[in-house]
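This briefing is meant to be read beside the sequence and the model shown below.

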Amino acid sequence: MQPGFRRAASLGTVVILAVTAYAVGDELHRDYRFKVGHRPSVSIVNQYGPISVKPANGHHVIVSAILHSDKVEVFQSQSGNRISISSHLLPGSDAESGRVDYEVLVPADASVTLHSATGPLHAERLHGDVILEGNTGRVDVSDVSEGHVHVRTMDGLVTLTNITDGHVEITSVSGNVALKTVTGPFIQVNSSSGKILYDGDFGSGGQYELTSHTGDIEATAPSYASIDVTARSEQGKVESDFALSPSYTSFAVRAGSAFAGTMGKAASSVKLFSFSGRIHLRKR
Amino acid sequence: MTCDEFQRVLPESWGAQSSEEQEHVKSCRSCADLVLDLQAISDTARLLQATDEPSPRVWNSIEIALRREGLIHEARPLRSFVFAWPQRRLAWLMPLTAVLALVFGVLIFERGGRSPGMSSGVETRQSTPGEFTLASAEEEQLLKMVADRAPALRPVFESDLRNVDAYIKDAELSARNNPNDEIAQQSLMNAYEQRAMVYQMALDRSVP
């Protein structure tokens, strides 16, 4: 190799390393650790960037934040058992420079409140209440039991998996909502144009209300589901794969626009209402 | 049509209301009551005119007495823009019209035609329970606020606001047509909840 070329290669390597180093240096890493007691409350407000919450043993809340530029800073505070984290955007910041990525470890019984405009938001394996609010980001909640789950989104995709023994309330304007193995005493989904997809057996003794304006509603249940189901769409098609035992309704049941009936012991109440969306109760 | 718009055009269209105005009267109890009150006043006024107009002899006597006192002179043609009453028969209409206008104005005011916080140039509607409310200027202000903070989010908010407004419109119509239908009522609540959520998200988390 000629000396000139060798020098050029060395310089190029230095430049590449410098750029990488600069890129890494541009991201700021922050770690916070809080000692908490039983059932702590953790709130994180992050305009841009993902927030992920997982459980960990012990009585600590550990927050790991990656700031994508110096145009954003993290405020953190603790008042007893209440932890508050927020991303503070500085003038001149935008969705890229103002982004902060949060990875949070909490005790499993913690109550968690997450806000993010762009998300995504993720929470898993918790027993406390989970409140997630996002504008456009995806929202994922899985393996939560005995805690209430509240989700509010504008057009982010919402996915709930294996949620049991708690209240679930979801409000989505245009984001689709998918519930898989979600059961509990009260399950409510309020959607405008987003689709609602439910796949589960509706548990026992619960109240399920899936309503939309124009979004389709599709509920898939096994043949052993025990439900008292009422479905109605003002302008959309309504159909059921099950042969239901007739039950009383306060409105006239018009074939193709509504159905009502029971399966099994009618342990859970299921209401599927839409203004113009299609409703389909599928047999798994 | 909003209540404000209806009450603004009512004096002009009295007795010959458009289908839009008639539709509004059917759907708005407040404006319907106003129309009934005005109709009652109008009916009573006609009775007064027919029964209480003095005979011509009375007018002659009054005129003679006033001329003797020097309080009136020979009639002079009016040259101002104020119109003259060509016939004495219609003279009672002037004070009657004034009374009607006064009563109309009082009724409008008492019924809350001016809501607190309303400013000129802002297109707003009074919202009463169960009445569809679309305030385009208000929403535009909200979207501007969103755009100032996060320009990329404005299209999302705009699209979802339209979405939600359509939901409210349909839900209100359904609830109005089926007042005893609890499903329709619940849909309306859901629709308003969605709108409240969008507003709250737009107003939440300000950027310094």
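Is the crossing in which helix 7 of chain B passes helix 8 of chain B left-handed or right-handed? In this predicted model, helix 7 of chain B passes helix 8 of chain B in a left-handed crossing.

**The pair of helices 7 and 8 in chain B**

- The axes of helix 7 of chain B and helix 8 of chain B come within 8 Å and cross at roughly 160 degrees, which means that helix 7 of chain B is roughly antiparallel to helix 8 of chain B, since angles over 145 degrees count as such.
- On the side of helix 7 of chain B, the residues that meet helix 8 of chain B include Phe157(B), Leu161(B), Val164(B), Tyr167(B) and Ile168(B), while helix 8 of chain B contributes, among others, Leu188(B), Ala191(B), Tyr192(B), Arg195(B) and Val198(B).
- Sorted by class, the contact of helix 7 of chain B with helix 8 of chain B has 13 nonpolar, four polar and three charged residues.

**Chain B as a whole**

- The secondary structure of chain B consists of eight helices and zero strands, and its pattern along the sequence reads α-α-α-α-α-α-α-α.
- Of the 208 residues of chain B, 17% count as buried.
- Among the contacts in chain B with a separation of 6 or more, 52% are accounted for by residues 24 or more positions apart.

**Where chain B touches chain A**

- In the contact between the chains, 23 residues of chain B are in contact with 25 residues of chain A.
- The elements that give two or more residues to the side of chain B that touches chain A are helix 7 (154–177) and helix 8 (182–203) of chain B, and the largest share, nine residues, comes from helix 8 of chain B.
- That side of chain B divides into 12 nonpolar, five polar and six charged residues.

**Nonpolar cores**

- In soluble globular proteins, nonpolar side chains tend to be buried together.
- The largest nonpolar core has 86 residues, of which Val112(A), Val141(A), Leu272(A) and Val198(B) touch the most other members.
- Leaving aside residues up to four places away in sequence, Val112(A) touches Val42(A), Val53(A), Val106(A), Ala123(A), Leu126(A), Gly128(A) and Val130(A).

Notes. Residues are numbered from 1 along each chain as its sequence is written. Chains are lettered from A and ligands numbered from 1 in the order in which they are written. This is a predicted model: local features need pLDDT of at least 70, side-chain atom pairs count only at pLDDT 80 or more; totals for chains, interfaces and linings use all residues. A nonpolar core is a set of buried Ala, Val, Leu, Ile, Met, Phe, Trp, Tyr and Cys residues joined through C-beta atoms within 7 Å. A residue is buried if 20 or more other C-beta atoms lie within 10 Å of its own, exposed if 12 or fewer, and partly exposed in between; C-beta atoms are placed from the backbone. Two residues are in contact if their C-beta atoms, placed from the backbone, lie within 7 Å. Helices (H or I, at least four residues) and strands (E, at least two) are DSSP runs, numbered from the N terminus. Ala, Val, Leu, Ile, Met, Phe, Trp, Tyr, Cys and Pro count as nonpolar, Asp, Glu, Lys and Arg as charged, and the others, Gly among them, as polar. Axes are lines fitted to C-alpha atoms, for helices over the stretch in contact, and angles run from 0 to 180 degrees between N-to-C directions. Angles under 35 degrees count as roughly parallel, over 145 as roughly antiparallel, 65 to 115 as roughly perpendicular and the rest as oblique. A crossing is left-handed if the near helix is turned anticlockwise from the far one by less than a right angle, and right-handed if clockwise.
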